[in-house]
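This report describes one protein chain, from its overall make-up down to a single residue. The sequence and structure come first.

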Amino acid sequence: MAEAPKDELLQLIKRFGAYLTVKFSNLFSSPFSNLNSRSVGAIAGFAVAIIFTWRLLRSPSGSQRRIQKRQAPASSSSVVDAQTAAAVTPSGVSSTSLEDLRAQNVIDEFFQPVKPTLGQIVRQKLSEGRKVTCRLLGVILEENTPEELKKQATVRSSVLEVLLEITKFCDLYLMERVLDDESEKKVLLALEEAGVFTSGGLVKDKVLFCSMENGRSSFVRQLEPDWHIDTNPEIISQLARFIKYELHVSSSRPERSSPNVFSSPSLEQFFGCM
């Protein structure tokens, strides 16, 4: 019966540790430059909690050792009973050792790494950027040329989860060159059927169309985003000195033309979703 309160205490500390671990993970998903006095206080409190937990878990076994040292030598019958009890204990492990092992397991679970969510990964990868511009062809859509859009427009299923996560966190603008009004309608319908306008934070007014390839560059320079995502190396090169960060989506691995230009075979792979 005496073990029941101790088990309850261990479970309480375990749940409290899991809660602190999640809070600690969220705290470090933002840059250190953004930490305020409350954040620093949270770190200090986290450290104190770890020390307190360890001392609390270690104290019972320590007390038992001190009591055992003060006990008088046992009689011959007591020695026999102790030997019998030790034989019953699995693998000859004493109760004190079992308590230490159980406490160590709690500490080990407390420090297990927490897998970041997709939202946390998106924020970290985008370096907390809040405005993003992105072309449609070859990134969001299966099609790669404006000519293909005259026939159909298909949203890539593998990119949908990342796209929706970006719309939750960022002010996202999608843009593309089209050859006619029918192509525009096909693109908007494909995005709508994929749930982009209902599940995410994107509205139709933020899907921009132009008739010339350099029209996309004009859109980007006017919007002044933190990130621009494109497949055209010429546009990536032209905008590199104006935009903070760029992602060049290309199946090949192009040489890095500028320190602020990153490359990936796809948008979802950039965020580690494949």
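## Contacts and basis

A contact means heavy atoms within 4.5 Å. Of the contacts in the chain with a separation of 6 or more, 60% are between residues 24 or more positions apart.

This is a predicted model, in which local features need pLDDT of at least 70 and side-chain atom pairs count only at pLDDT 80 or more, while totals for chains, interfaces and linings use all residues. Residues are numbered from 1 along each chain as its sequence is written, and side-chain values use heavy atoms, with hydrogens and water left out.

## The chain

The chain has 12 helices and 6 strands. These are DSSP runs numbered from the N terminus: helices are H or I with at least four residues, and strands are E with at least two.

Of the 274 residues in the chain, 36% are buried (under 20% relative accessible area, 1.4 Å probe, protein chains only).

## Nonpolar cores

A nonpolar core is a set of buried Ala, Val, Leu, Ile, Met, Phe, Trp, Tyr and Cys residues joined through side-chain atoms within 4.5 Å. The largest one holds 37 residues, and I140, L191 and L267 touch the most other members. Helix α7 (residues 157–169) gives this core its largest share, 5 residues. Apart from it lies another core of 8 residues, including Y173 and L223.

## Residue R216

R216 lies in helix α10 (residues 214–223). It is buried, with a relative accessible area of 0%. Leaving out residues up to four places away in sequence, R216 touches several residues, among them R135, E176, D230 and I235.

Terms used: Buried means under 20% relative accessible area, exposed over 50%, partly exposed in between (1.4 Å probe, protein chains only).
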